[in-house]
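I opened the model to look up its disulfides and one of its helices. My notes follow.

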Amino acid sequence: MNSFSGLGPSSGFLQSTAWRAALALAVVFVMLAITGWTAVRGSTEDTNPLATARNSWQHATFLGRPLPDPQGPPAALRAFFATLSRAEKQQLADRYPLVVGNMGGAPVKLRYRANRMAIDDARRVEKRRMNDQRLTPVGRQEAGRLMHRLASMMSSGRQILAFDPAGGGRAAEVFGNLPAAHRVSVVVPGVDTNLTTFERTARATTAPVGMARALYGAEREARPSARTAVIAWADFTSPPGIGVEAATGKLAADGAIRLRALVNSLPSSDTVSLFCHSYGSVVCGVAARDLPSNVEDIAVAGSPGMRAENRARLGTQARVWAMRDSDDWIQDIPNLEVGGLGHGADPVDPSFGSRILSADGAVGHAGYFAPGTRSLRNFALVGVGATDTVDCASDDPQCRTALV
């Protein structure tokens, strides 16, 4: 038989492979279409404007001198800005708003000014996309939703400490006077956190902005004389929902690097407390070992695990607090780590070694920052340093032991 006659089994295999490849491509294009993407040949839209701006900064000179590394040590950047006049600082912010707005070590109020300009630039981009007929209806709708969120972030009095429009986007907002604060609380949120979900109108305290605003108010109520500030810190890439990425530590490891950078950029005299919700507690757990000594408290709520067998394995001298509401679905997640999947032991299990706080009044997985709950009051007491007055869980007699 002529070996070249007919299609033969190998050609059947090739046909099958080609069919599977075509089907896979079709699925990809359908998914891209329903999320609002469209292929526009020759598009000049910058998909990573912060990286582009940093590259421009690094190749520029100012007052006849090279500019410092925008991601360099905060102390070096503080020293650089200390040599500039007010007008010169504003000139840099006007020229490189994204760079200055995300620069640890730059003056905080200058960062607020720079980010307001960067957000306005991003708002104009989304406003154009709302009417871009090359996008799907879903794409135009998402652009409109994001445009309104960005407009809200430009409201009078908002203090945006970090802003990056790339991808889903990242941001951080300050409540209180950060430069003058003696105690700084950082709220680290969980999955599905991006610019669109940075704040919510309904159920406001389930989003980072609402969580931080509620915590700041509760801290002011708990100790009015305390000089506190609270940061809604969504300046990391979180998993997009409950999926494989939420069950692994890759994004948490990346977020931990950014969290350490934030804490290191704060004034060294500040006492810092971290309040970590859901997947945010994974980020805090990974970051714990290398956080500076001014981080005195790490409090987690609704945690799936901190990627550690117990408190000692976190490698931190900070006090570790944990709480979980009785109807939080996270308790049904297996507390194990196998082959990179899962986040390890349960922080509210007595064997872990956390100090277990009462979460009375909280409802469900997202209810820990709701006003009037004991969970929020406990967080506030930790944030202002009144740890000897927290309400502990009834089954944790060691909760207040050796508090200093």
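I began with Cys-284, which counts as buried at 0% relative accessibility. My cut-offs: buried is under 20% relative accessible area, exposed over 50%, partly exposed in between, with a 1.4 Å probe and protein chains only. The model is predicted, so local features need pLDDT of at least 70 and side-chain atom pairs pLDDT 80 or more, while totals for chains, interfaces and linings use all residues. Residues are numbered from 1 along each chain as its sequence is written, and side-chain values use heavy atoms, without hydrogens and water.

Next, the partner. Cys-284 is joined to Cys-276 by a disulfide, S to S 2.1 Å. I took a disulfide as a pair of cysteine sulfur atoms within 2.5 Å. Cys-276 is buried too, at 1% relative accessible area. The link is left-handed, with -90° about the S-S bond.

How many disulfides are there by this rule? I count two. The other joins Cys-392 and Cys-399, with the sulfur atoms 2.2 Å apart. Its S-S torsion is about -75°, so this disulfide is left-handed. Cys-392 and Cys-399 are buried. In sequence order the bonded cysteines pair 1-2, 3-4.

Then I turned to helix H11, residues 279–287. Helices are DSSP runs of H or I, at least four residues; strands are runs of E, at least two; both are numbered from the N terminus. Eight of the nine H11 residues are buried, so the rest of the structure largely encloses the helix. Cys-284 is one of the eight, and Tyr-279 and Ala-287 are among them. For packing I used contact, heavy atoms within 4.5 Å. The buried H11 residues pack against strands E5, E7 and E8 and helices H9 and H10.
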